[in-house]
Amino acid sequence: MKPFQQLLVSSAALGLVAPMAAMASEADLNRYAPVSSDQVTNISQFGDVQPTDWAYQALNNLVEQYGCVAGYPNGTFKGAKPLSRYEAAALLNSCLDRVTEATDELKRLAEEFQRELAVIRGRIDGIEKKIGKLEAAQFSTTTKLQGEATFDIGAVSFGGSQYGPSTANGAGATTPNNGSTNATRYSGNNNRNWGALTFNYDLRLNLNTSFTGKDLLYTRLRSGNFTNSVFNGNPYNLLALDKAFAPTGGNNVVNIDRLFYRFPVGKTFTAVIGPRARNTEMLAITPTFYRGGEILDVFTLNGAPATYNKATGSAFGLIWKQPVKKGQPYFAASTSYVAPNGDNSNPASGGIMTSSSGGSFLTQIGWAGPQFALAAAWRYGQCNQNLTRRGTQFATQNLPCSEGVGTTGVSPFWSGNSSSNNFALNAAWQPINAGLIPSVSLGWGISAISSANYNGYNASSVVPVNGNTQPFPSYGDVRNISQMQSWQLGLQWNDLFAKGNAAGFSFGQPTYVSGLSQNQLRKPYAFKGTGRNRTQTAYNGFYDSPNGPNDGNFAFEWWYKFQVSNNISITPAIFYLSGPNGQFTANGETNNAFGGLVQTMFKF
């Protein structure tokens with residue numbers, strides 16, 4: 001208890017016994033005080049006082065700080081003995097003398113340090129005024145603003161042996177030969193359309209609002225100017241950077257990029273709901289330690305771009321985490337649903353939980369600790385969305401829903417809706433101490449595609465019905481894709497050469513088609529006549545690559561991040577794509593891309 005507080009308590013006690021004390025002389029007070037030859041200096045001198053006694057601490061303070069407690073000659077305190085009013089007055093009188101001494105000492109110190117105390121008092125008054133101004137001018141008492149601005153200066157050079165349009169099935173029109181279709185995306189057109197040096201930016205303003213201290217209303221405002229940049233995935237989607245925003249409405253327009261509410265449910269669950277949320281931001285575990293560079297978007301998808309596809313839209317999710325002591329390994333699981341078309345009220349083209357939602361159901365389970373992460377994930381993807389977020393041009397096609405009945409003899413008769421089942425396995429490890437030993441992150445993904453049925457054709461028959469002579473499906477059609485795969489190895493060195501700096505290297509195969517439903521599909525026969533008189537007149541052979549898909553490709557990136565300050569970093573990087581056009585590349589030819597950039601990031 002501080003001296004001023006003790007003085008107040010003593011004064012209050014004195015008020016209680018003052019009427020009685022005024023009636024007794026000093027001799028009377030001494031007569032009623034406990035008799036002892038000396039004042040007690042340590043509470044252990046009382047043989048009958050134990051640390052478990054409820055008043056032990058109070059008695060100890062009086063003994064050690066004021067020395068105004070005496071015992072009986074036999075070395076006891078007799079704390080359970082009833083106290084008369086005269087004895088209370090005697091004890092109080094003894095302690096008041098000590099408190100008066102302490103008060104005099106405080107007065108002396110206050111006078112000695114009067115100047116210093118005045119300075120401190122003035123500073124406190126100044127701080128209170130500043131706090132008042134900040135509170136009056138602050139944006140919100142519940143919201144914090146965080147910002148991030150990213151500058152990218154770089155270019156891409158395209159190469160390969162293909163010097164003319166591709167005739168690969170499904171690649172699109174070969175005329176006009178201007179790079180507008182996959183068939184015409186080769187080095188000549190690509191360098192002519194996308195080979196310039198560019199300077200782009202990505203700006204994010206995050207509003208973090210909490211009403212209870214445990215919840216989060218997250219709002220992100222975002223803008224950028226990547227619409228016409230090669231780093232927005234032009235002409236190949238694998239060229240897209242992780243931080244490259246092309247706003248709806250055109251360059252430099254501000255969009256609402258995120259809007260969701262996260263809140264705890266009990267002690268182990270967390271729920272997320274919002275009209276603008278992303279499935280990879282509702283995961284139980286981040287299954288990688290490769291996350292310092294943030295250069296190519298494909299290398300931020302944990303080696304499984306078809307599973308961790310960053311689906312964004314109307315969403316809700318639930319996360320469970322095992323309660324453990326900080327720093328201990330834990331199990332965790334999460335599940336989420338995202339409908340990119342959830343803002344559309346027409347059930348034929350959008351809505352929530354409709355066949356046109358373009359929905360993604362993502363579930364993950366894993367085990368993680370400070371040095372490791374193990375995770376498995378499954379995503380069910382509806383039709384009306386791309387098969388994968390990043391991959392070859394063949395693998396990133398949109399999976400259509402039912403198309404109904406086509407015109408006789410012109411287009412097929414489709415029925416049912418397509419869907420995909422995507423799986424991912426991840427393992428990651430990092431050393432205790434950063435330095436020359438890198439963290440290692442591995443990821444692998446595989447997808448099974450179920451396409452709409454075509455009434456009239458199957459794997460063993462190309463005999464047309466209803467006069468339709470178009471076989472199902474054409475070799476390069478998205479409906480012919482039955483399986484896709486991907487994998488990635490990521491190495492990251494933290495605090496390399498200087499604290500805060502980092503280096504990274506990642507290598508792998510972005511999503512590519514590894515299986516087709518019709519590997520040896522014949523070209524349509526030529527016929528003459530109708531009905532029973534209809535006869536075959538010519539056999540036109542097979543479509544290209546009858547032995548399976550030719551969609552494999554490789555990619556890598558190198559980067560080194562200089563942490564200039566707590567708020568500024570500069571990251572030079574290079575990357576290479578061996579076959580971004582995949583199966584749409586001309587038969588026997590190659591198409592590749594090599595790029596470099598310098599990324600500067602400001603956080604505030």
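Predicted model: local features only at pLDDT ≥ 70, side-chain atom pairs only at ≥ 80, totals over all residues.
Student: Where is Q162?

Tutor: Helices (H or I, at least four residues) and strands (E, at least two) are DSSP runs, numbered from the N terminus. Q162 sits in the loop between β1 (143-159) and α6 (187-194).

Student: Is Q162 buried or exposed?

Tutor: Buried means under 20% relative accessible area, exposed over 50%, partly exposed in between (1.4 Å probe, protein chains only). Q162 has a relative accessible area of 1%, so Q162 is buried.

Student: What does Q162 touch?

Tutor: Contact means heavy atoms within 4.5 Å. Not counting residues up to four places away in sequence, Q162 touches A183, Y186, S187, T585, A586, E589, T590 and N591. Its side chain also reaches the backbone oxygen of G164 at 2.8 Å.

Student: Which residues of α6 are buried?

Tutor: S187, N189 and N190 are buried in α6. They lie on the same side of α6, because they cover an arc of only 165 degrees around the axis; the arc is that of the directions from the helix axis to the C-beta atoms. The buried residues of α6 pack against β1.

Student: Where is N553?

Tutor: N553 is in the loop between β19 (535-538) and β20 (555-563). N553 is buried, with a relative accessible area of 1%.

Notes
Residues numbered from 1 in each chain as written. Heavy atoms only, no water. Polar contact = N/O pair within 3.5 Å; in protein donor to acceptor, adjacent residues only side chain to side chain.
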